[in-house]
Amino acid sequence: MPKEEIKTNDSLVIGRNAVIELLKSGREVENVLIAKGEHEGSVNRIIAMCKEKKIVIKNVDRKKLDFMCAGANHQGVAANVPAHSYSSVDEILEYAQSKGEQPFIIICDEIEDSHNLGAIIRTAEACGAHGIIIPKRRNVGLNFVVAKTSCGAIEYMRVARVGNLASTIDELKKKNIWVYCADMDGQPWCKTDFSGGCALVVGNEGSGVGRLVKEKCDVTVSLPMCGEVNSLNASVAAGIIMYEVTRQRLGL
């Protein structure tokens with residue numbers, strides 16, 4: 001019997017057999033979505049394969065899965081595949097070295113909105129950043145909305161996914177890269193020295209940078225808030241600080 005064709009709907013691979021073939025193929029997978037209550041037959045095999053490959057499993061409401069799959073027969077299972085391949089942290093650092101520049105990296109801590117990540121990638125590329133680091137869990141990946149919002153910048157920006165942001169920050173600091181946290185109650189962003197190796201941490205749209213990640217950072221920088229609203233969109237805040245880093249690097 002021939003293999004079942006892998007059915008896709010934009011960034012989704014839909015159906016039990018299709019997802020099994022995807023997992024066997026070795027292609028990158030963002031996560032696997034399983035309808036709540038589905039734990040029979042081949043679904044158990046999919047769960048076991050995901051655990052073996054350390055792929056995130058998300059249990060979702062069946063109605064949500066129906067909507068995401070646009071009415072296709074998903075059989076309670078679908079998988080998100082990235083719109084672009086990922087790099088590694090080492091590849092980001094090697095790219096900076098190849099350009100003869102100190103590393104300039106953006107770290108996204110639980111950015112959940114695809115439009116925000118896409119906008120951050122677009123601005124980071126325009127600012128000459130060497131790469132972006134995102135966590136594997138609780139952070140949007142390189143889906144097709146991110147790709148579209150980046151307006152092509154995703155093709156030029158190296159994005160690495162890591163299992164643990166805190167330990168990754170520790171490794172960056174060992175390489176003489178200073179880590180700056182964009183959050184409330186920090187020193188003014190425009191009076192901060194961003195020279196040398198620099199990694200800027202941008203936090204979740206609602207809760208900001210997580211406590212553990214913030215404790216790992218060397219410096220916290222803030223933007224002045226003069227209105228009634230006490231926070232900025234994550235991509236807007238990141239963009240302002242990124243351009244300050246670029247301004248200093250260009251000596252402007």
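**Exercise 1.** In this predicted model, find which residue just after helix α1 takes a positive phi, and state how well α1 is covered.

*Solution.* Step 2: α1 spans residues 16-25. Step 3: seven of the ten residues in α1 are buried, so the helix is mostly covered. Step 4: the buried ones are R16, A18, V19, I20, E21, L22 and L23.

**Exercise 2.** Search the whole structure for aromatic pairs and describe what the search finds.

*Solution.* Step 1: the search gives one aromatic pair. Step 2: its members are Y180 and F194, with 4.7 Å from centre to centre and 55 degrees between the planes. Step 3: planes under 30 degrees apart would be stacked and over 60 edge-to-face, so this pair is tilted. Step 4: Y180 belongs to strand β9 (residues 177-188), while F194 lies in the loop between β9 and β10 (197-202). The two residues are 14 residues apart, and the pair links distant parts of the chain. Step 5: both Y180 and F194 are buried.

**Exercise 3.** Determine which ring the charged end of R158 sits over.

*Solution.* The ring is that of Y95, and the charged end of R158 is 3.7 Å from the ring centre.

**Exercise 4.** Name the members of the nonpolar surface patch that includes I240, and decide whether I240 is buried, partly exposed or exposed.

*Solution.* Step 1: the patch consists of M184, M225, L232, V236 and I240, which together have about 380 Å² of accessible area. Step 2: I240 is located in helix α9 (residues 234-250). Step 3: the relative accessible area of I240 is 35%. Step 4: buried means under 20% and exposed over 50%, so I240 is partly exposed.

Definitions and conventions:
Residues are numbered from 1 along each chain as its sequence is written. This is a predicted model: local features need pLDDT of at least 70, side-chain atom pairs count only at pLDDT 80 or more; totals for chains, interfaces and linings use all residues. Side-chain values use heavy atoms; hydrogens and water are left out. Rings of Phe, Tyr and Trp (its six-membered ring) pair if their centres lie within 6.5 Å; planes under 30 degrees apart count as stacked, over 60 as edge-to-face and the rest as tilted. Helices (H or I, at least four residues) and strands (E, at least two) are DSSP runs, numbered from the N terminus. Buried means under 20% relative accessible area, exposed over 50%, partly exposed in between (1.4 Å probe, protein chains only). A charge sits over a ring if NZ of Lys or CZ of Arg is within 6 Å of the ring centre and within 35 degrees of the ring normal. Patches are made of residues with over 30% relative accessible area and no salt bridge: like charges are joined within 9 Å, nonpolar side chains (Val, Leu, Ile, Met, Phe, Trp, Tyr) within 5 Å. Accessible areas come from the Shrake-Rupley method with a 1.4 Å probe; for residues, only the protein chains shown count as cover. A salt bridge is a side-chain nitrogen of Lys or Arg within 4 Å of a carboxyl oxygen of Asp or Glu.
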